[in-house]
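Hi,

Here is the structure I promised to pass on.

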Amino acid sequence: MINIDARTHVKGESIYLDDIPLINGTLYAAAFDSPIAHGKIISLNVADAENCEGVVCVLTYKNIVGENEIGGIIRDEPLLADHHVHFCGMPVALVVAETDEQARAAIKKIKVEIEPLHVITDPREAAAKNELIIPPRKFKIGDSSAAFKHCDYIFQGIAETNGQEHLYIETQGAYAIPQENNALKIYSSTQGPTAVQKAVSKVTGLAMHQIEIDVIRLGGGFGGKEDQANTWAALCAMAAQITKRPVKYSLHRMEDMRMTGKRHPYSSDFKIGLNKDFNIIAYEATFYQNAGASADLSPAVLERTLFHCTNSYFIPNVTATAYSCRTNLPPNTAFRGFGGPQGMFVIEAAITKAAEELNIDRSIIQQKNLLQTGNEFPYGQLVVSEANECWNKATSFYNVNQIKKDIEQFNAKNKLYKKGVALMPICFGISFTNTMMNHARSLVHVFSDGSVNISTGAVEMGQGVNTKILQVVAQIFSIHPNKIKINTTNTFRVANTSPSAASATADLNGKATLIACNEILKRLKQVAADELNTEEKNIEIKNEEVLLNNDKTSLDWKSLVLLAFTKRVSLSENGHYATPEVHFDKTKEKGHPFAYHVFGTAIVTVTVDCLRGIYEFDSVKVVHDFGSSMNKKIDLGQIEGGIVQGIGWMTMEEIIYNANGKLISNALSTYKIPDIYSAPKNIDVEFYHSDKDNLAIFRSKAVGEPPLMYGIGAYFALHDAIKAFNPFAKISFNAPMTPEKVLMNLYASSKEAKK
Ligand code: MTE
Ligand code: HPA
Ligand code: MOS
């Protein structure tokens, strides 16, 4: 099944927010954002802006009809600054004008006087000052402090990861259109239509039933539009409510980079203890999450860091503590992996440190400690593991021993080029960690001509979820895909949805669709049975034919549907699915939060140019646990995209705020993501197939986020390549490993190296 968007994408006919035809009288909004990271607003003068050509109004928090509050988890986020600003880029006022250009020109005329307050950008400073978003969380299994007493080796260190700009191709935006009786219809580029609906409800004071959010598709979200699409929709809604005209705001790239939050940077301490046989006996980690100025999704992201702090390894004694630290940066938010990658980097750093000190191959420790079925995670869930299967298949299928030998030979022969290789096993839990979010609905209509129309809460953002949902319908009804259409995602068709996130969108919405289709199918079979004087169990629909005990009958799909309609049988159904088995008790920090886990192992190989510090990734070879993939092409695309995005995070994407909290890497000239030249020259993906029962749709395991974490291997491959050139380098665990850092490490303590 090809991606159902392939044709319109290639022809440029796919519709994104900016392609929606505009209604006459549409106004344009643009935000004036704080130039200062923290301070008290002394005065705000918008008079000159109001007098600019084409300006209809300039709105501040004073114009908000409802509440000036958009915080989703914690009520700590004003839509527009009131008396204080908390980060550079915080919206302060909204200019509404006849044209886009006029709105942006008028912004420059706004004058604000801000009394600066102390700016915090470092999460450890925030923690020291008790600037925490929520009380610290602690996951515990066994007794780590007692276990350290029995360890033969103990190593400690610090590991840090920087943030990451989402850089969805389509920037944030919204288009609000007033309806009868004060209602609003809003097109939004959001992963969470219901989250937008709730935020708009708060800000406008309208009840949710007055607010229709419609999403056609996104030009990427990557987590950045799980919560942070709310702001722009709420601003447009507020302006539409006041002006009674349609209002659109589509952010420019630099506005988007400046005003929106990113992946959370983390600074973490680790302590790892091993016995003589290199079994990891004890592990302690303390995570300092840089949350930014308000909570956004930080508490949930923090939780997933703890869930994934032991990655793919079994460790019997673990104490992991996490602090969500309030700083004066834009509120950081969901980003593919949702805090998991940040936790996994730290355990990989700890293992690397141990291997370095013990002078052994890192992969010995990794392999020794892989999760086995029946092991317990620090949060109490028992593992159904494919970790060893994936690792073993990867090492044998790709002949890792040979790869290592070749690299040794290469490094012995070459003075100014060095290669490094790292194995990177992953384990990622599938489900929203917040149990109550794991449910979805699907509205299925079969029309009297036999065509089918599906609405779910799933948002298509390039990950191919609509294609997968269409496959569910085609398979259950056994009809041709061209008879099925997936609708836009709309809060009036499917209500109270969870965002499309946590890699669980196809599972949740696919299963709801499956339930609805099965219900309609049962009715149709009953109609056929009545017509053919038999029982429902003897009827089957296959390739649009109605079969009675495997023989063709006079009925086909189309005539059966029409018959059911004439017999006044409902051809519509609303399926509801709630993931079974999942639960979690936050007071004990124990439970069974995930429907299942996804595993895999990557082998990442890099070549470093030791004169210049630049590098190329030769290959990434992966064995990935797909369960039984229902769409190998789409899943392969997710793996390849995730790997490259992960490598970008670990190696070249460098977000820099100065001490005043101003974003320095604020454009594509200074913030570099992998292009085709810096992507690995080769990505091989071997499908690890398993028929084991799991809770995935058609046993096709979720694939959206897990592959990003293969990119962590890139960091450690670089680490080893640098070491091959300069064995005396003391490389700190501080991602991204940019070419500048590589160069510094290559020549660090070089005097010693020469001796
Ligand atoms: N793939 C594309 N092309 N675009 C995206 O925005 N988002 C990722 C992943 N893959 C994303 C993507 C993230 S963060 C998640 S959670 C999942 O897709 C969401 O979709 P799913 O639940 O259908 O996997
Ligand atoms: N993953 C992604 N998004 C989320 C989650 C999660 O576990 N919880 C809330 N939003
Ligand atoms: Mo993905 S970070 O769960 O949107």
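**Domains 1 and 3**

The centres of domain 1 and domain 3, taken over C-alpha atoms, are 37 Å apart. Before I go on: this is a predicted model, where local features need pLDDT of at least 70 and side-chain atom pairs count only at pLDDT 80 or more, while totals for chains, interfaces and linings use all residues. Residues are numbered from 1 along each chain as its sequence is written, chains are lettered from A and ligands numbered from 1 in the order in which they are written, and side-chain values use heavy atoms, with hydrogens and water left out.

The division of the chain is domain 1 (6–117 + 166–259), domain 2 (266–432 + 589–754) and domain 3 (439–578), with bounds from an automatic or database domain assignment. Contact (heavy atoms within 4.5 Å) involves 21 residues of domain 1 and 15 residues of domain 3. Between these two domains, the buried area (accessible area, 1.4 Å probe, that two parts lose on being put together, summed over both) is about 1,400 Å², and carbon and sulfur atoms give 54% of it. On the domain 1 side, Gln191, Thr194 and Glu212 supply 31% of the area buried against domain 3, more than any other three residues.

The interface of domain 1 and domain 3 has 1 salt bridge (a side-chain nitrogen of Lys or Arg within 4 Å of a carboxyl oxygen of Asp or Glu). Elsewhere in my notes, Arg493 is down as forming a salt bridge with Asp214, with the closest N and O atoms 3.9 Å apart. Asp214 also turns up among the contacts of Ser188, as do Ile213 and Val215. Ser188 belongs to strand E10 (residues 184–188); strands are DSSP runs of E, at least two residues, numbered from the N terminus.

**Rings**

There are 22 aromatic pairs, meaning rings of Phe, Tyr and Trp (its six-membered ring) with centres within 6.5 Å; planes under 30 degrees apart count as stacked, over 60 as edge-to-face and the rest as tilted. Phe270 and Phe733 are edge-to-face, because their planes are at 65 degrees, with the centres 6.2 Å apart. That pair links strand E13 (residues 266–274) to strand E30 (residues 733–735), 463 residues apart. Phe270 is buried at 3% relative accessible area (buried is under 20%, exposed over 50%, partly exposed in between; 1.4 Å probe, protein chains only), and Phe733 is buried too, at 6%.

Ring pairs also join Phe139, Phe307, Phe377, Tyr379, Phe584 and Phe594 into a cluster.

Cheers

Notes. Helices (H or I, at least four residues) and strands (E, at least two) are DSSP runs, numbered from the N terminus. Lists of a residue's contacts leave out its neighbours within four places in sequence.
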